Amino acid sequence: ATPTALVAGTGAAAKAGILIRDIGTLEKAESIKVVAFDKTGTLTLGHPEVVEVIATDDDTANLLRKAAAIETRSEHPLARALMTRAASEAGEPLTATGVSATRGKGMSGTVAGASIAVGNARMMTELGIAQDRIDALKARFAKTGTLSFVAVDGELTGGVLFADRPRPEAAIALRALAEEDVRTVMLTGDNEEAARAIAADIGLTDFRASLLPEDKTEALRGLTEDPKSIAFVGDGLNDAPALAAAGLGIAMSSGTDVAREAAAITLMRPDLRLVPASLDIARRTRRTIM
Ligand code: ADP
Ligand code: MG
């Protein structure tokens with residue numbers, strides 16, 4: 001496309017709510033054949049709620065109080081969900097010291113002299129908790145979904161199950177991409193079961209679960225021979241490496257600053273239909289002779 005056409009295309013995109021970083025972006029968007037999506041906050045609303053709490057050697061209110069003390073230091077949507085539930089069920093949170101986050105796994109710190117960890121199965125494994133214990137606790141939950149465990153002094157003491165809803169337009173957006181022969185895939189740090197449930201809900205057949213932030217970039221490379229042909233759509237701090245590594249990075253405006261800075265396109269409205277719309281504008285721009 002000519003520079004004039006690219007300027008016009010960028011303007012048309014802006015009108016639709018698609019913020020394009022520079023004039024070369026539309027040319028990048030022309031060659032996209034695969035679109036990979038982050039799950040939490042991108043394909044889903046990113047407002048998880050606690051749906052089930054199990055405490056093995058304590059009551060659930062105490063478990064939530066300890067977990068919430070750690071999560072006050074986290075920006076993760078799961079942390080907010082846990083704190084909301086703890087506030088309504090367990091009252092004032094306890095204070096934690098020495099809190100640290102492990103990206104893609106969870107949080108840990110000290111509460112009332114005990115070391116508390118809140119995170120996924122991988123985090124529990126790293127604490128030395130046996131796989132059969134993790135599996136046994138997981139099996140006690142009535143539903144499947146995003147699951148974070150709570151360990152006290154290296155012992156598994158319970159878990160919290162979360163549910164998040166897909167964005168209402170997700171299925172339509174994916175179908176629009178399929179109609180343009182664009183392959184779609186979901187990349188998530190969440191567990192296999194949670195990923196499968198969301199994927200089934202929105203009609204997505206291809207997904208990779210339990211990915212660490214750096215694994216998302218690696219997974220992108222595995223999806224296609226030509227790195228320029230792949231777009232990644234994400235919102236989180238965790239997604240920044242993949243947004244920068246993809247042929248085209250697309251950030252949700254509702255996401256973190258870090259994600260927006262790493263992306264060539266920002267969707268100004270949290271509407272996934274703007275993903276096929278971006279590719280469509282790029283294709284039309286190419287055909288424009290000005
Ligand atoms: P996603 O790709 O879905 O945004 P993350 O990579 O952020 O997921 O986290 C992967 C998993 O690690 C979560 O599904 C959750 O079980 C656990 N986890 C990460 N951060 C936290 C936290 N602050 N509190 C509880 N669990 C967490
Ligand atoms: Mg996300």
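Student: Which residue, just after helix 9, takes a positive phi of about 75°?
Tutor: In this predicted model, local features need pLDDT of at least 70, side-chain atom pairs count only at pLDDT 80 or more, and totals for chains, interfaces and linings use all residues. Residues are numbered from 1 along each chain as its sequence is written, while chains are lettered from A and ligands numbered from 1 in the order in which they are written. Helices (H or I, at least four residues) and strands (E, at least two) are DSSP runs, numbered from the N terminus. The residue with this positive phi is Gly203.

Student: How wide an arc do the buried residues of helix 9 cover around its axis?
Tutor: Helix 9 spans residues 192-202, and its buried residues are Ala194, Ala195, Ile198, Ala199 and Ile202 (buried: 20 or more other C-beta atoms, placed from the backbone, within 10 Å of the residue's own). They lie on the same side of helix 9 because the arc, taken from the directions from the helix axis to the C-beta atoms, is only 130°.

Student: Which elements do these buried residues of helix 9 pack against?
Tutor: Contact means C-beta atoms, placed from the backbone, within 7 Å. The partners of helix 9's buried residues are helix 3 (39-43), strand 7, helix 8 (170-179), strand 9 (183-187) and strand 10 (207-208).

Student: Which residue takes a positive phi in the hairpin of strand 5 and strand 6?
Tutor: Strand 5 (residues 106-111) and strand 6 (residues 114-119) run antiparallel, joined by six bridges (pairing needs at least two bridges found by DSSP). Gly106 faces Gly119 across this pair. Two residues lie between the strands, and the one with a phi near 45° is Ala112.

Student: Which residue of strand 7 stands opposite Ile116?
Tutor: Strand 6 also pairs with strand 7 (residues 146-152), antiparallel and over four bridges. Opposite Ile116 is Val152.

Student: Which element gives the largest share of the side of domain 1 that touches domain 2?
Tutor: An automatic or database assignment gives domain 1 (3-45 + 166-287) and domain 2 (49-163). Their contact takes eleven residues from domain 1 and eight residues from domain 2. On the domain 1 side, helix 3 and helix 9 are the elements that give two or more residues. The largest share, three residues, comes from helix 9.

Terms used: A residue is buried if 20 or more other C-beta atoms lie within 10 Å of its own, exposed if 12 or fewer, and partly exposed in between; C-beta atoms are placed from the backbone. Two residues are in contact if their C-beta atoms, placed from the backbone, lie within 7 Å.
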